[in-house]
Amino acid sequence: MESKVSEGGLNVTLTIRLLMHGKEVGSIIGKKGETVKKMREESGARINISEGNCPERIVTITGPTDAIFKAFAMIAYKFEEDITNSMSNSTATSKPPVTLRLVVPASQCGSLIGKGGSKIKEIRESTGAQVQVAGDMLPNSTERAVTISGTPDAIIQCVKQICVVMLEVQSVTKRSPPKGATIPYRPKPASTPVIFAGGQVRADPLAASTANLSLLLQHQPLPAYTIQGQYAIPHPDQLTKLHQLAMQQTPFTPLGQTTPAFPGLDASPPASTHELTIPNDADV
């Protein structure tokens with residue numbers, strides 16, 4: 001079975017999901033979508049990219065095994081090309097490996113790891129790729145990230161072996177389905193609504209005028225909170241996240257020279273900024 005899959009001779013349709021950052025997605029989409037169009041045409045695989053203003057996106061590749069392998073090869077070589085181009089303006093002497101992240105149902109990760117880690121060790125040794133299975137599930141899902149790093153050729157061989165494992169698991173689950181449905185991972189938007197004093201809501205708080213905050217929002221959502229006087233009071237279930245952001249967040253800047261930074265706050269003198277302080281003993 002493994003040899004047939006490796007040669008692309010098995011007529012089985014598979015769906016593989018990849019987790020990518022925005023820059024990686026932009027690379028495979030290309031100018032006016034030309035790159036992903038070429039990948040679809042030459043590989044014969046269906047390549048779909050999740051919508052939404054999210055720091056991470058899901059890239060779904062569906063098709064016969066040989067089409068999937070061709071698509072993965074094109075993606076891996078495109079990423080290697082990006083690394084080579086980035087090094088031309090860098091002082092780095094060692095070339096970093098190509099890295100892809102698969103999204104795999106947790107119910108299949110046990111088979112991928114194998115008893116005592118035997119299967120994943122075998123895949124590493126036979127392909128030369130580094131393979132890591134995340135210990136924790138992705139947020140609000142029953143899926144885990146499987147990170148593959150190495151040369152494009154090593155990654156392609158690694159994906160082929162992972163597909164073999166997935167096919168074997170699928171044949172077993174048809175006879176004995178796992179308990180509970182798989183909850184797929186869906187990346188969250190870059191920002192969530194923020195409630196200001198007076199009940200006003202902004203979906204993307206000052207993102208256009210505050211560069212540092214925009215950069216912060218690319219990494220994790222901003223929790224909702226209510227401004228009371230000088231203090232930002234978080235909602236109870238967001239306290240932990242807000243505490244993590246507190247040490248990173250820069251002071252908000254005014255929207256204009258004569259416009260207060262926030263509705264309901266005194267912006268005197270006009271050119272001053274308002275720093276939001278989160279006290280450690282805030283009563284929530």
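**Exercise 1. Find the contacts of Ser-149, then decide whether Ser-149 is buried or exposed.**

*Solution.* Step 1: set aside the neighbours within four places in sequence; Ser-149 then touches Pro-97, Val-98, Thr-99, Ala-129, Gln-130 and Ile-155. Keep in mind that you are working with a predicted model.

Step 1: pick Thr-99 from the contacts and compare side chains. Those of Ser-149 and Thr-99 are joined by a polar contact of 3.0 Å.

Step 2: check the accessibility. Ser-149 has a relative accessible area of 16%, and buried means under 20%. Ser-149 is therefore buried.

**Exercise 2. Which residues does Gly-63 contact, beyond its neighbours within four places in sequence?**

*Solution.* Step 1: locate Gly-63 in strand E3, which covers residues 56-64.

Step 1: list the partners of Gly-63, which are Val-12, Thr-13, Leu-14 and Ile-68.

Step 2: take Leu-14 and look at both sequence and space. Gly-63 and Leu-14 lie 49 residues apart along the chain, while their C-alpha atoms are separated by 5.7 Å.

Step 3: Gly-63 counts as buried because its relative accessibility is 3%.

**Exercise 3. Describe the surroundings of Asn-48, and say how far Asn-48 is from Ile-58 in sequence and in space.**

*Solution.* Step 1: go to strand E2 (residues 46-49), where Asn-48 sits.

Step 1: collect the contacts of Asn-48 outside the four places on either side. They are Arg-40, Ile-58, Val-59 and Thr-60.

Step 2: for Ile-58, count 10 residues along the sequence from Asn-48; from C-alpha to C-alpha, the two are 8.2 Å apart.

Step 3: Asn-48 has a relative accessible area of 45%. This value falls between the cut-offs of 20% and 50%, so Asn-48 is partly exposed.

**Exercise 4. Work out how helices H5 and H6 are arranged, and which residues meet.**

*Solution.* Step 1: recall what to look for. Two packed helices are described by the angle between their axes and the distance between those axes.

Step 1: find the two helices. H5 spans residues 106-113 and H6 spans residues 118-127; they pack at an angle of about 65°, and their axes are 5 Å apart.

Step 2: name the arrangement. Angles of 65 to 115 degrees count as roughly perpendicular, so H5 and H6 are roughly perpendicular to each other.

Step 3: identify the residues in the contact. Ser-111, Leu-112 and Ile-113 come from H5, and they meet Ser-118, Lys-119, Ile-120 and Ile-123 of H6. Sorted by class, this contact has 4 nonpolar, 2 polar and 1 charged residues.

**Exercise 5. How many helices and strands does the chain have, and what share of its residues is buried?**

*Solution.* Step 1: count the elements, and you reach 9 helices and 10 strands.

Step 1: turn to burial. Of the 284 residues in the chain, 39% are buried.

Step 2: finish with the surface. The chain exposes about 16000 Å², of which carbon and sulfur atoms supply 52%.

Key: Residues are numbered from 1 along each chain as its sequence is written. This is a predicted model: local features need pLDDT of at least 70, side-chain atom pairs count only at pLDDT 80 or more; totals for chains, interfaces and linings use all residues. Side-chain values use heavy atoms; hydrogens and water are left out. Axes are lines fitted to C-alpha atoms, for helices over the stretch in contact, and angles run from 0 to 180 degrees between N-to-C directions. Helices (H or I, at least four residues) and strands (E, at least two) are DSSP runs, numbered from the N terminus. Angles under 35 degrees count as roughly parallel, over 145 as roughly antiparallel, 65 to 115 as roughly perpendicular and the rest as oblique. Contact means heavy atoms within 4.5 Å. Ala, Val, Leu, Ile, Met, Phe, Trp, Tyr, Cys and Pro count as nonpolar, Asp, Glu, Lys and Arg as charged, and the others, Gly among them, as polar. Buried means under 20% relative accessible area, exposed over 50%, partly exposed in between (1.4 Å probe, protein chains only). A polar contact is a pair of N or O atoms within 3.5 Å; within protein, one must be able to donate a hydrogen and the other to accept it, and residues adjacent in sequence count only if both atoms are side-chain atoms. Accessible areas come from the Shrake-Rupley method with a 1.4 Å probe; for residues, only the protein chains shown count as cover.
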